[in-house]
Amino acid sequence: MTIQWNEMIVPDARALRASEIRDLLKVAERPEIISFAGGVPDPDLFPLADFRDMFDGLTSDETAGRRSLQYSISEGLPGLRQWIADDLAKSGATRDIDNILITCGAQQALDMIARLLLEPGREIVMEKPSYLGAMQAFSMRRPNYVGINMDEDGPVIAELDAAFAAGARIAYLAPDFQNPTGRSYTLDRRMAVLETARKYGAVILEDAAYCKLSYEGESLPSLLALDEVGSDPDAGTVIQLGTFSKTLAPALRIGWVTAPRPVIRQLVLMKQAGDLHVSTINQEIALRAATKLFPAHLETLRDAYRAKRDAMLGAMDEFMPDDVSYSRPKGGMFVWLTLPENIDSRALLVEAMEDAKVAFVPGQAFFCDQSGQNTARFSFATEKPERIRAGIERLADLIRRKDNQ
Ligand SMILES: Cc1ncc(COP(=O)(O)O)c(C=O)c1O
């Protein structure tokens, strides 16, 4: 008998869908295309020589080298968790290492938290637009998405309040240099978000993936830092996700969750059941890299990405028609474009790749309600400033031609 695979696969797994945009964007990898599509760091900025020395140093040390190739505890290396706790403390979030779990990137943390806190039909509040990878992780649990609108200062509090009042008890939010818009919340809005969550006893899942990539102005305290827990390791409203993917290298696959202890304890059991622990050697290297290379490496990254952001915004200011608006991110990797209502960004992408040899990501996929047809995400992370300028000029020409049609 032939197996009916569609029936064998459980509904949770079937909820995952391949992205047609991903297929379309395969073409964007060709060298003649100037690509603003990728959401990845610039590989030229990976500290390759330092990694070579650190791997060499670690494996030349008989004891440490052998230990780094062995199994290790599911929570993550104590030394690495201590480094993270110390780093959080510098930004005003005092937490114990028992409040931290090392995960295989922040992406695994999203998946684990989805399995911990979501179930079919349970509501989760999402920013409109929001990180696509989070939606993919959450969709496996088939929750009900409650989208809330954003203004220049952050999420619209009346909408967050209404979502909680209607029964939602978890909100996934990215207050710093959000993927895909690059926008950040003001301090007042951060405080209002926390106050609203506390009013309803709701959980805030804070994604801090880009928080260290800040290019101007003062860094604002995270929601985790603002969530006063005193000395109680079991207390708190906020679960925060961190990662070394944007600051060291994504291939390390080192992320972490900072959360009240009852959450961490359960996640540790899930980690044990799922994949035991994150690669010991990669954790060792990440600890050595963070200790040795920060903060100087962070400055190098900020200078390089700031120059790219300036090239993109400068070119947009110079070339984009007046009816195109865009965000002015103070950090991160993305600029968010809003096109005239009559331009569908998916159709524009097809023309842009063929005609202008430029790629970007149409915005619709980032909305939990599939709105945003006339929006698009532009990454300035991987192209050189000259190519950024040339690509934006070519795309602006195309948009102007369409405007006149
Ligand atoms: C907002 C956000 N969160 C989480 C992740 C996942 O990062 P990683 O799993 O590499 O730590 C990404 C990756 O692009 C991201 O943009």
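Predicted model: local features only at pLDDT ≥ 70, side-chain atom pairs only at ≥ 80, totals over all residues.
Helix α9 (residues 157-165) packs with helix α10 (residues 187-200) at an angle of about 15 degrees, and their axes are 10 Å apart. Because angles under 35 degrees count as roughly parallel, α9 is roughly parallel to α10.

**Helices α9 and α10**
- The crossing of α9 and α10 is right-handed, and the residues in their contact divide into eight nonpolar, one polar and three charged.
- On the α9 side the contact involves I157, L160, D161, F164 and A165, which meet R189, A192, V193, T196, A197, K199 and Y200 of α10.

**Helices α7 and α12**
- The axes of helix α7 (residues 105-117) and helix α12 (residues 261-275) come within 11 Å and cross at roughly 110 degrees, which means that α7 is roughly perpendicular to α12.
- The crossing of α7 and α12 is right-handed, and by class their contact has six nonpolar, two polar and three charged residues.
- From α7, the residues Q108, M112, I113, R115 and L116 meet V263, Q266, L267, M270, K271 and D275 in α12.

**Ligand surroundings**
- Around the ligand are the residues G105, A106, Q107, Y131, N179, D207, A209, Y210, T243, S245, K246 and R253.
- A backbone N or O atom of A106 lies 2.7 Å from an oxygen atom of the ligand, while for Y210 an N or O atom in the side chain is 2.7 Å from an oxygen atom of the ligand.
- For S245, a polar side-chain atom lies 2.6 Å from an oxygen atom of the ligand.

Methods: Residues numbered from 1 in each chain as written. Heavy atoms only, no water. Axes fitted to C-alpha atoms, helices over the stretch in contact; angles between N-to-C directions. Helix = DSSP H or I, 4+ residues; strand = E, 2+ residues; numbered from the N terminus. Parallel < 35°, antiparallel > 145°, perpendicular 65-115°, else oblique. Left-handed = near helix turned anticlockwise from the far one by under 90°. Contact = heavy atoms within 4.5 Å. Nonpolar A, V, L, I, M, F, W, Y, C, P; charged D, E, K, R; others polar. Near = heavy atom within 4 Å. Polar contact = N/O pair within 3.5 Å; in protein donor to acceptor, adjacent residues only side chain to side chain.
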